[in-house]
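Dear colleague,

I am handing over the structure below for your records. My notes on what was found in it follow.

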Amino acid sequence: MTVSGDTDLASSSPLAGFDGGCQFIVEASACDAHALRDAETIESICQKLINDLCLQVVGQPQRHVFPDPGGVTLLYLLRESHLACHTYPEFGFVTFNLYSCLPKPDWPWQTQLQRRLNAGDVRVRKIHRTRPNGQDAETATGWGAGQ
């Protein structure tokens with residue numbers, strides 16, 4: 001929302017220099033339906049991500065396994081924010097949403113999801129919440145299987 005006379009909030013105090021971390025929005029399609037129904041497989045992907053990015057889980061992860069042919073929903077409360085995963089085996093589709101209030105490096109989503117879920121296409125969007133210069137930035141990678 002812009003109010004007449006307002007300046008860029010990120011360049012004014014108290015948000016000057018604020019970095020709100022990053023969010024990964026990941027979608028993979030043409031995945032193996034059996035793997036998408038297997039809660040342990042999905043949990044192992046989440047655990048690898050958590051370990052690799054040095055994320056800190058708060059409490060117990062929550063999981064729901066839907067009746068066949070349904071998939072799995074996982075939710076991790078993180079000290080840094082959250083990780084959510086939803087699988088749709090009937091469509092060969094999975095989504096991941098990782099938000100960290102701290103900046104995090106890219107993670108090999110495409111390699112991991114191709115190896116573990118036989119994903120055909122992996123789409124990764126990384127959103128930098130607020131950059132120190134006040135500009136929001138989004139990067140997209142992995143459009144299509146060969147990229």
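Leaving aside its neighbours within four places in sequence, which residues is Q112 in contact with? They are K48, W107 and L117. Please note that this is a predicted model. Q112 lies in helix 3 and, at 5% relative accessibility, counts as buried, because the cut-off for that class is under 20%.

**The nonpolar core**

The largest nonpolar core has 31 residues, and those touching the most other members are F96, W109, L113 and L117. Two or more residues each come from strand 1 (22–29), helix 1 (33–37), helix 2 (39–52), strand 3 (72–77), strand 4 (81–88), strand 5 (93–100), helix 3 (109–117) and strand 6 (121–128). Helix 2 gives the most, with six residues. As for W109, residues up to four places away in sequence not being counted, it touches F24, V26, L49, F96, V122 and V124.

**A buried lysine**

K104 is found in the loop between strand 5 and helix 3. This lysine is buried yet has no salt bridge, and E80, the nearest side chain of opposite charge, is 4.8 Å away. A polar atom of the K104 side chain does lie 3.0 Å from the backbone oxygen of L53. With neighbours within four places in sequence left aside, the contacts of K104 are C22, F24, L53, C54, L55 and K126.

**Cysteines**

How many disulfides does the count come to? The count is zero. For C101, the closest cysteine sulfur is that of C22, at 9.6 Å, which is too far for a bond. C101 is partly exposed, with a relative accessible area of 35%, whereas C54 is exposed, at 56%.

**Backbone details**

C54 also deserves mention for its backbone: its phi is near 55°, a positive value in a residue other than glycine. Its place is in the loop between helix 2 and strand 2. S81, likewise not a glycine, has a positive phi near 155°. S81 is found in strand 4 and is buried, with a relative accessible area of 18%. Finally, the peptide bond that joins D68 and P69 is cis, with omega about 15°; P69 is found in the loop between strand 2 (62–65) and strand 3.

Yours sincerely

Methods: Residues numbered from 1 in each chain as written. Predicted model: local features only at pLDDT ≥ 70, side-chain atom pairs only at ≥ 80, totals over all residues. Heavy atoms only, no water. Core = buried A, V, L, I, M, F, W, Y, C linked by side-chain atoms within 4.5 Å. Buried < 20%, exposed > 50% of the residue type's maximum accessible area, 1.4 Å probe, protein only. Helix = DSSP H or I, 4+ residues; strand = E, 2+ residues; numbered from the N terminus. Contact = heavy atoms within 4.5 Å. Lys, Arg positive; Asp, Glu negative; His and termini not counted. Salt bridge = Lys/Arg side-chain N within 4 Å of Asp/Glu carboxyl O. Polar contact = N/O pair within 3.5 Å; in protein donor to acceptor, adjacent residues only side chain to side chain. Disulfide = S-S within 2.5 Å.
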